[in-house]
Structure formats: structure tokens, C-alpha cells
Amino acid sequence: LFDGNKLIGVAMIANPCSENVKKSIFGFEHKNTVRELHRLALLDEAPKNSESYFISRCYKLLSKIRPDLWAIVSFSDTTINHHGGIYQATNHLYYGKSAPATFYLDGNRLRHPRQNGKNISKKEAILKGWKPVKRQSKNRYLFLLGDKRKRKNSKRLLKVKIEPYPKK
């Protein structure tokens with residue numbers, strides 16, 4: 001996202017780290033129609049409502065260039081007091097909490113327990129000098145891509161249960 005010539009925001013949409021996340025949304029048959037909003041970062045100086053504007057534009061562009069994609073999953077990390085307010089404001093669907101997990105601290109970098117397509121055991125992590133860190137469950141959100149008809153068809157195929165938004 002640019003403000004004039006100045007970069008003020010970046011979004012990264014990619015394959016989820018976990019095959020189970022992909023399969024959980026529409027089932028194994030349609031697992032490749034799901035991507036994850038891995039990162040969203042905007043400068044604090046970005047104008048009001050920039051996050052929702054940027055997410056909306058990213059999803060519209062993605063729907064146009066990748067009509068084979070049906071949904072974007074995203075997670076809000078309750079360990080750092082992120083409860084998903086921006087996902088709620090942009091009409092993502094809430095589908096519960098993930099299980100608590102152990103991540104690994106590599107110096108100042110928090111590492112996912114799955115690296116380069118391979119699960120890292122606690123023993124392997126410790127051998128690398130990584131410190132196990134317990135993380136709370138994350139709120140799970142889902143955004144259905146496409147026009148009204150495509151979203152309605154996608155919603156019929158959902159394997160996850162949509163729930164009311166969580167309270168902070």
C-alpha cells in the first residue's frame with residue numbers, strides 16, 4: 001500500500017503452513033482453494049481505516065487474478081492480545097480457536113514448529129539452540145472470495161462451523 005510514493009503497508013498471502021488448515025475449510029478435495037493471510041503490516045502513520053481498505057483491495061485483486069481461490073484464512077494471536085478486530089471489521093467469518101501450541105524462540109525470532117514443510121520436534125529445536133515457548137490458542141477467521149454467488153456456493157461447501165465473534 002502506497003501513500004503517494006511512500007510504502008505504508010504490506011500484505012503477504014500464501015499457502016497455510018499446515019495441510020490440515022487447508023483441508024479443514026472445504027475438505028481434502030478443495031484444499032487448494034484456500035490461502036492464508038500470513039502477514040499484514042501498516043505504518044502507524046497510515047490514515048484511518050487503511051487496514052480495512054487495504055485488505056479489501058488485496059482480496060478483490062486476488063479474486064480477479066486467482067479465480068480458482070475460494071477463501072482466505074487468518075489468525076489473530078491472543079498471546080499478544082490480538083483478538084481480530086480488523087478481521088471482524090472486514091466481515092471475516094469466525095470459526096473458533098486453534099489449539100494452544102509450542103513455538104520456538106531463536107534469539108529474538110519466534111519460529112513456527114513447522115519449517116520448510118517439515119515438523120520440528122522439541123528435541124530438534126533444542127539441538128538448534130531454540131527455546132520452546134508456549135502460545136495461547138489463536139482466533140481463526142475466514143474470508144470467502146468472489147462475487148455474491150461464488151461466496152454463497154463456497155459457504156455451502158464449508159466444513160467448519162461459523163460462530164459468533166469472540167469477546168475481547
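This is a predicted model: local features need pLDDT of at least 70, side-chain atom pairs count only at pLDDT 80 or more; totals for chains, interfaces and linings use all residues.
Ala-71 of strand E5 has Leu-144 as its bridge partner in E12, and on another side it stands opposite Val-34.

- At one end of the order, E6 pairs with E12 in the antiparallel sense, over three bridges.
- Lys-97 takes part in that pairing, with Asn-139 in E12 as its bridge partner.

**Strand E5 and its neighbours**

- E5 is joined to E12 by seven bridges, and the two run antiparallel.
- With E4 the sense is parallel, and here three bridges make the pairing.
- To get from E4 to E5 the chain passes through H2, and this β-α-β crossover is right-handed.
- E5 is mostly covered, with seven of its seven residues buried.
- In a regular strand, side chains alternate between the two faces of the sheet.
- Here Ala-71, Val-73, Phe-75 and Asp-77 point one way, Ile-72, Ser-74 and Ser-76 point the other way, and all are buried.

**The helices**

- H2 covers residues 50-65, which makes 16 residues.
- From first C-alpha to last, H2 reaches 22 Å, close to the 22 Å expected at 1.5 Å a residue.
- Its buried residues are Ser-50, Phe-54, Ile-55, Cys-58, Tyr-59, Leu-62 and Ser-63.
- Those buried residues pack against strands E3 (9-14), E4 (34-42), E5 (71-77) and E12 (138-144), and also against helix H3 (85-89).

**A look at Arg-111**

- Arg-111 sits in strand E8, which spans residues 109-111.
- Is Arg-111 buried or exposed? Its relative accessible area is 14%, under the 20% cut-off, so Arg-111 counts as buried.
- The side chains of Arg-111 and Asp-106 are joined by a polar contact of 2.9 Å.
- Setting aside neighbours within four places in sequence, Arg-111 is in contact with Phe-103, Tyr-104, Asp-106 and Trp-130.

Definitions and conventions. Residues are numbered from 1 along each chain as its sequence is written. Side-chain values use heavy atoms; hydrogens and water are left out. Helices (H or I, at least four residues) and strands (E, at least two) are DSSP runs, numbered from the N terminus. The expected span of a helix is 1.5 Å times one less than its number of residues. Buried means under 20% relative accessible area, exposed over 50%, partly exposed in between (1.4 Å probe, protein chains only). Contact means heavy atoms within 4.5 Å. Two strands pair if DSSP finds at least two bridges between them. A polar contact is a pair of N or O atoms within 3.5 Å; within protein, one must be able to donate a hydrogen and the other to accept it, and residues adjacent in sequence count only if both atoms are side-chain atoms. A crossover is right-handed if, with the strands pointing away from the viewer, the path from the first strand over the helix to the second runs clockwise.
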